[in-house]
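Colleague: I would like a close look at one part of this model. Please keep it brisk.

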Amino acid sequence: MTASFDWLRPALGLRLSKALWPRFMTPKNRSGNEGRIAFSSRFHGFGRIWRTLLLVLGLLLALLPLVYLLENDRGWRAWQIERARLLDRGEPLTWEALLPPAPPDEENLAAAPIYALLFETVEQKRPNKKGRAPEEPATREAIDRVIIQLSPPGYPRRTPPLMVWKEGKTIDLEAWARHFREPEQPEGVTARFPQTSMTAPAASQILVALELYSETFQAIETAARRPRCRFPVRYQDLIHVALPHWEVLRNHTEAVVLRGISRLHLGDTDGAMEDFSLAQRLADALREEPLLISHLVRCATLQTVVQLAYEGMISRRLTEEQLTAIQRQLAGVNLLFDWTTALRGDRILAIGVLEDLRHGRRSLEDIVVDGGIDPPLLSWLHTRWMPSGWFWRTMAQLSRLYQGLIEHAVDTNLRTVNESVLKRFQDSAVTSKGKPFQLVVQASTIGAIRSLERTASAQAAIHLACTAVALEQFRLRHDRYPETLEAMGPLTVGQRDPFDGHWLRYRCEGADTYLLYSIGPDRMDDGGRMEHEQWNRPSGDLRWFVPARTGGDRQKT
């Protein structure tokens, strides 16, 4: 007799044929008791597995609060120790402690009418997909009202280059005059530049074209007479802070430099010197803004100002008094010291962002932009599920990183960079793994080091210009350039190479030509050879080349 489990069918209310009944429940050649034993053993086998899984899950759930408690305790202790250490050193940890007192409006360039209206329409908005606060139409309109549009509608969008001193060249005034004279789409022109005779010098044509913005230039000159500058930036908005004045300041600086070079080529050296002072004043308007990105904008703007100084020395039209004035203005620029201030602001910003993440006031979707992660996943990975200790430990690690760079990466007195310290920090960021939020520390390390390299490049440009002034003054006294830098007399801080601390490299190549250069961010002496950036990393030397003169004209290289 074949045993089966047909007795289960009535109990379960099932009417299944033998063909559909599970084969393991109808074993052949077995008695009824044997079938029941087989079924019972299999059922209890599965039960033991589920009981084990539930037991493990219960233990994990029981240990989870303990893990959170331990992580929070470790993180809190680490942050409190680091915070106390910073306060003992007098380091600012809030915007109020870092920012200097706001100047009165009559002394504040940012309160001048041409700049004050930029922030009147700024409101805090939710960031868009690019991670930036959407620009208000009213703010865009205010920017368009005060900028000097060198490429207005209808004209070529790409303007001729304005910073070519690193290549040993002067700007192409003919190209600029043609740019203002020949619209690309005449039917789309809304405001045509004034024109003069095509036979007039290119510099004259440029000055006539810029008369379209004569009122704007006058407003800029009036605002620049105010000794200080502090824009009403909402620092509490952290990474979504609105900064509409960057575009305006860079635009005004470029327009002033172009006007100054045009004046210089027409022999108006006094007007060119006024524009040099005005352009540097506009670039220094960001000096009291303790944001790393604002500092980098200032560095880039100052290198554009150096083009006007280069053109003045190449033309040999400047007097010794005017050269002294240039050197006096540039000698006071200490970008490496200002970088430490900006890094302190970046530390406050990073701590504020981490605090917002810890409290759930900000999501990862607001922080991670274009990272290849789906927004639904970022929304699910809410930071409120993470232990607060992870954030505190990250704040402590970032603070140690920034403080180490501030104290050891630069010598603000000699205005040089410590290469060995930078390498140690970079190697530490690359090799450290497996720590909470270590990716944030690694990214911050790389960003801080790259910002320092750009700062050192701008500082090197300032030192090259200061040294070139001293060389030009030597030529005016002796009708030739010196054989070595030491022949000019005792060297100063302004003659050092920020990248290695040695004196700038100098090679006299004739009575009226020389090559002066810094080894650059790659820290390799390439003999003054300049290369373009490769893989977003600068290579080659930063050079100041004065070409030989032939028949009273400058030879372009």
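Which residues of β5 lie on one side and which on the other, and are they buried or exposed?

Modeller: First, the ground rules. This is a predicted model, where local features need pLDDT of at least 70, side-chain atom pairs count only at pLDDT 80 or more, and totals for chains, interfaces and linings use all residues. Residues are numbered from 1 along each chain as its sequence is written, and side-chain values use heavy atoms, with hydrogens and water left out.

Now the strand. Leu542, Trp544 and Val546 sit on one side of β5, Arg543 and Phe545 on the other, and all are buried. Buried means under 20% relative accessible area (1.4 Å probe, protein chains only). Strand β5 spans residues 542–546, and five of its five residues are buried. Strands here are DSSP runs of E, at least two residues long, and helices are runs of H or I, at least four, each numbered from the N terminus.

Next, the partner. Strand β4 (residues 513–518) runs antiparallel to β5, joined by five bridges. Two strands pair if DSSP finds at least two bridges between them. Opposite Arg543 in β5 stands Tyr517.

Then the core. Trp544 and Tyr115 have the most contacts inside the largest nonpolar core, which has 136 residues. Helix α18 (residues 438–478) gives the most to this core: 15 residues. Such a core is a set of buried Ala, Val, Leu, Ile, Met, Phe, Trp, Tyr and Cys residues joined through side-chain atoms within 4.5 Å.

Technical notes: Buried < 20%, exposed > 50% of the residue type's maximum accessible area, 1.4 Å probe, protein only.
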